[in-house]
Amino acid sequence: MGTGTLTIDLDALAANWRALDALSASTVETAATVKANGYGLDAGRVARALAGAGARRFFVAVAEEGASVRAALGPGPEVFVYSGHMEGDAEHLRAHDLIPMLNSVEQVTRHFEALPGHPFGMQLDTGMNRLGIEAADWSALRDSVLAKGPVLVMSHLACSDDPDHPMNAQQLRAFQAMVGDLSVPRSIAATGGVLLGAEYHFEVTRPGIGLYGGLPFEAARPVVRLSLPVIQLRDLTPGETVGYGNSWTTDAPARIATVSGGYADGILRAISNKAVLYAGDIPCPLAGRVSMDLLTIDVTHLSEAPEALDLLCEQQTVDDIADIAGTIGYEILTSLGTRYDRTYIGVSA
Ligand SMILES: *Cc1c(COP(=O)(O)O)cnc(C)c1O
């Protein structure tokens, strides 16, 4: 095997959805965010597994992504588009039966002109200042938009990964002021919002990262395992160096394993000389820099030559690697490369 094996546990994914669903009342519908190709894990397969667990509403970032999710799910489940109805989206939205979350006055006009009668939702800004209609514009538009029957109104929290952040309550108050009196289904909670408690749940929650095993959902089951094959072993004498820039030197006899996988596979170069890979439960330090296709690992302390070493496993989550690289689990997942041999396991696979 020349490349790494990425194993994606669809049962763990489904279990994470059920666990997040169980955190809200049974009257609250738990949707699933499957944007960016299902956080890099294949939106179609992820969406099918989650539909099997009970999810009925799915969210993607852009209309182009909606097509593969619709193809995987077939007719029935609702597929929403966070970026709304952008220029040129009408045909995609219509052909794949996607629901744009309209997020500007311009989009509202565009949607009603291009696709009159096509379902839509509204995305409101409560302080994040990224997408969404501002309070003043919403006041002006509200009656005419409501008359056309939005199927969902939503906003997004900027700081929900930090339960103590005052921004959470501030955005909640702003959302209440804009939609508190509506009978249309409402949603403000992603993974972090689900964990903030019932006030944030409204009628629909739409977690992403927690489904895929990432923080802030600490109770998540890991969904990905990344195992990299050892393609060479070599013995070094004291004073020898390893890898580009001679950034690692041994002062004792050492054994180095060269494994297949590098920054072209999404193994961030920032973890050079910092991360470990696992041989079972034994940590083995990265020795030297991550290169494009290869890593070099100090396996001097292993009693047997390893066939493969794990970068992501029970002992080391996407968030552990993210911490070392100075980023977030989301970026580790969505960077996972296309060269891996991807294996889907679980009853839903
Ligand atoms: C990505 C995203 C989500 C899901 O967020 P997680 O933190 O991954 O749960 C929900 N809503 C919007 C608008 C998003 O962009």
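Reader: Ile-209, buried or exposed?

Author: Ile-209 is buried, as its relative accessible area is 2%. Buried means under 20% relative accessible area, exposed means over 50%, and partly exposed is in between, with a 1.4 Å probe and protein chains only. This is a predicted model, where local features need pLDDT of at least 70, side-chain atom pairs count only at pLDDT 80 or more, and totals for chains, interfaces and linings use all residues. Residues are numbered from 1 along each chain as its sequence is written, and side-chain values use heavy atoms, with hydrogens and water left out.

Reader: Where in the fold is Ile-209?

Author: Ile-209 is in the loop between β10 (204-205) and β11 (224-236). Helices (H or I, at least four residues) and strands (E, at least two) are DSSP runs, numbered from the N terminus.

Reader: Which other residue of that loop can you tell me about?

Author: Pro-216 is also found between β10 and β11. The peptide bond that joins Leu-215 to Pro-216 is cis, with omega about 15°.

Reader: Switching to the ligand. How many residues surround it?

Author: There are 14, and the closest are Lys-35, Tyr-39, Thr-191, Ile-209 and Tyr-330. A residue counts as near if one of its heavy atoms lies within 4 Å of the molecule.

Reader: And what classes are in that shell?

Author: The shell has 7 nonpolar, 4 polar and 3 charged residues. Ala, Val, Leu, Ile, Met, Phe, Trp, Tyr, Cys and Pro count as nonpolar, Asp, Glu, Lys and Arg as charged, and the others, Gly among them, as polar.

Reader: Which side chain has an N or O atom 2.5 Å from a ligand oxygen?

Author: That is Tyr-39. A polar contact is a pair of N or O atoms within 3.5 Å. Taken alone, the ligand exposes 390 Å², and the protein buries 92% of that; these areas come from the Shrake-Rupley method with a 1.4 Å probe.

Reader: Last topic: which residues have a positive phi without being glycine?

Author: Asn-37 is one of them, with phi about 55°, and Phe-202 is another, with phi about 45°. Asn-37 is in helix α2 (residues 35-39), while Phe-202 is in the loop between α9 (191-196) and β10.

Reader: How accessible is Asn-37?

Author: Asn-37 counts as partly exposed because its relative accessibility is 40%. Phe-202, at 12%, counts as buried.

Technical notes
A polar contact is a pair of N or O atoms within 3.5 Å; within protein, one must be able to donate a hydrogen and the other to accept it, and residues adjacent in sequence count only if both atoms are side-chain atoms.
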